[in-house]
Amino acid sequence: MTRLFDEHIKRAVQSLDGAWKFATDPDNRGDSERWQRGIPNAQTVIVPSVWNTQLGLLEYEGVAWYERQFFSHGGTLRFVFGAVMTESRVYLDGEEIGYHYGGFCPFELIVRDVTSGEHRLTVRVDNSFDEQSIPQALVDWYHCGGIIRSVSVERLEGVSILSNRVEYELSDDLCELNLRVALELYNASEKEIKDTIRVSVAGADFEFESLLKAGECKEEFTNAVKITDFSLWSAENPALYDVKISTSSDDLFDRVGFRKICVSDGKILLNGSEYRIRGVNRHEDHPDFGFAFPSALMRRDIDIAVDMGCNSLRGAHYPNNPAFVDMLDERGITFWSEIPIWGVGFEESVLLDPVVIRRGEEMHREMVKHYYNHPSIIIWGMHNEILSDTVAGLEMTKKYYSLLKEIGGNRIVTYASNKALSDISFEYCDIICLNQYNGWYEGDIESWGKFIEDFRAYRSKLGFDNKPVIMSEFGGAAVYGHRNFETYRWSEEYQARLLSHCLNLFLGDPMMVGTYIWQFCDVRTSYEAGISRARGYNNKGLLNEYRNPKASFFAVKEIYRNITKQTKTF
Ligand code: ADA
């Protein structure tokens, strides 16, 4: 499942989820032996999934090949991949049709003049790392491989709509929308076509003509209109509007919500009212499914977060499944979406590498393109814990900040820094976000008070007294079931005490506008490389990996719920 609704009625869409042929290629023989013409000794796997959940492949990192047959009436076909970890080369009937880098965003490939009949689609997938990878080899989660989200093939006819972006600005009194829709159009036919494009959103209807040569791709805009009859999207009333776009031969459906997020006078304002974030960081991961996270469980994770009193989630550390973000849109829960520049592994030379910088830029552009219309996304995260106390880190931050400000719509742009007292890049973020682990990696629980005062002084010295702060990560590990009367490290009691101490401190501090606890649930991490962790898991979850609550879950719930009006329980 890619979205919570059908994106097309007229367009013929065929799901390619299900059984595929599969073989690992540890010696990289597939290229020279031309496996795109047929994979030898293949077994059957189910797509979407990660290969690491297959017996014997838990630790497999490298190349694997996927293949399946499908029937098509032919013509102009568009292959849509929800996400493939990490690098993919795609072949149709043995011929290469495209390449994509990056594991967590959808990509599409168009092929013209396909004959009617049976075809073979082959994907060479590689999840290994080199110096130019994003993320780098060192990560604190499990870098699974495979076709992790749905695949489909669409048949495009005539003037087709490839994507849309609803751009709007709200008036100061929030009563009027100034709106226009950007469309990416494509002529799938063999002749020049002039077609009528119809767009409707929130009671506004647009109609205009567009002329496209055969094979041409073109960006068009509707006129800008003013709309006054609409409801704002908010936590209490997450109003969503259908976006309907059609041509004589094609259509595209989407959803949008209208809200205004800004930082003013040291506060976050959502639709003009102060908005304080009560959040948690969440990996889209499960021990039985890896990144191929089932949608039914997504809903359950959201229910758990809401029950805990959260109003926001951080999608640490990569773009999440669009269906998950659809659910957040529907529930009025805000979201921080970021790309997997997870800095711990990025040395200065890597931050300066033009290939890495370009790949990061491309990932930001893809994230913005595919997630632009989601009202729940209020924050774009540029990167996490890079060397933001160096010129290399500063330059990267500056570049991505101006990019996201330019193309990202109405969003807060920030990054998570673990250089609270030495960061030199705070100028290039709307809110200062700190990852800090007193009481775990440094100092004891009581040292938090001094840390905050030291940081306040540093912020002041930099001249950012009015720049608000989010504690974007803090916490400590507890092994599920490890209970005691004493509160010592690794026990559930210690974790609960640490988090309660932090929240009580942060939530009463006028400089802080939000908290994202590290982390929602325990997450599988590398068994061998770099980071070595008890059980092979990062155990800082409020829940264990199967979503059973630890003592900290109830401690946080009591505090978060105390400051919310939410009463829902299950
Ligand atoms: C960092 C990082 C997280 C996680 C955390 C930890 O802040 O951003 O992904 O690794 O540390 O548990 O140490």
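## Around the ligand

Let's start at the ligand, where one of the oxygen atoms sits 2.8 Å from an N or O atom in the side chain of Asn 384. Keep in mind as you look around that this is a predicted model.

Glu 385 places a polar side-chain atom 2.5 Å from a ligand oxygen, and for Glu 473 the corresponding distance to an oxygen atom of the ligand is 2.3 Å. Altogether, 13 residues surround the ligand, and the closest are Asp 140, Glu 385, Tyr 441, Glu 473 and Lys 540.

## Two helices side by side

Next, find helix 7 (residues 492-507) and helix 8 (residues 551-562), whose axes come within 8 Å and cross at roughly 20°. Because angles under 35 degrees count as roughly parallel, helix 7 is roughly parallel to helix 8. Their crossing is right-handed.

Helix 7 contributes residues including Leu 499, Leu 503 and Leu 507 to the contact, while helix 8 brings, among them, Val 556, Ile 559 and Tyr 560. Sorted by class, this contact has nine nonpolar, four polar and one charged residues.

Another cis peptide bond runs from Met 85 to Thr 86, with omega near -10°; Thr 86 belongs to the loop between strand 6 (84-85) and strand 7 (87-92).

Finally, look at the loop between strand 2 (18-24) and strand 3, which holds Asn 28. Although Asn 28 is not a glycine, its phi is positive, at about 55°.

How values were computed
Residues numbered from 1 in each chain as written. Predicted model: local features only at pLDDT ≥ 70, side-chain atom pairs only at ≥ 80, totals over all residues. Heavy atoms only, no water. Axes fitted to C-alpha atoms, helices over the stretch in contact; angles between N-to-C directions. Helix = DSSP H or I, 4+ residues; strand = E, 2+ residues; numbered from the N terminus. Parallel < 35°, antiparallel > 145°, perpendicular 65-115°, else oblique. Left-handed = near helix turned anticlockwise from the far one by under 90°. Contact = heavy atoms within 4.5 Å. Nonpolar A, V, L, I, M, F, W, Y, C, P; charged D, E, K, R; others polar. Near = heavy atom within 4 Å. Polar contact = N/O pair within 3.5 Å; in protein donor to acceptor, adjacent residues only side chain to side chain.
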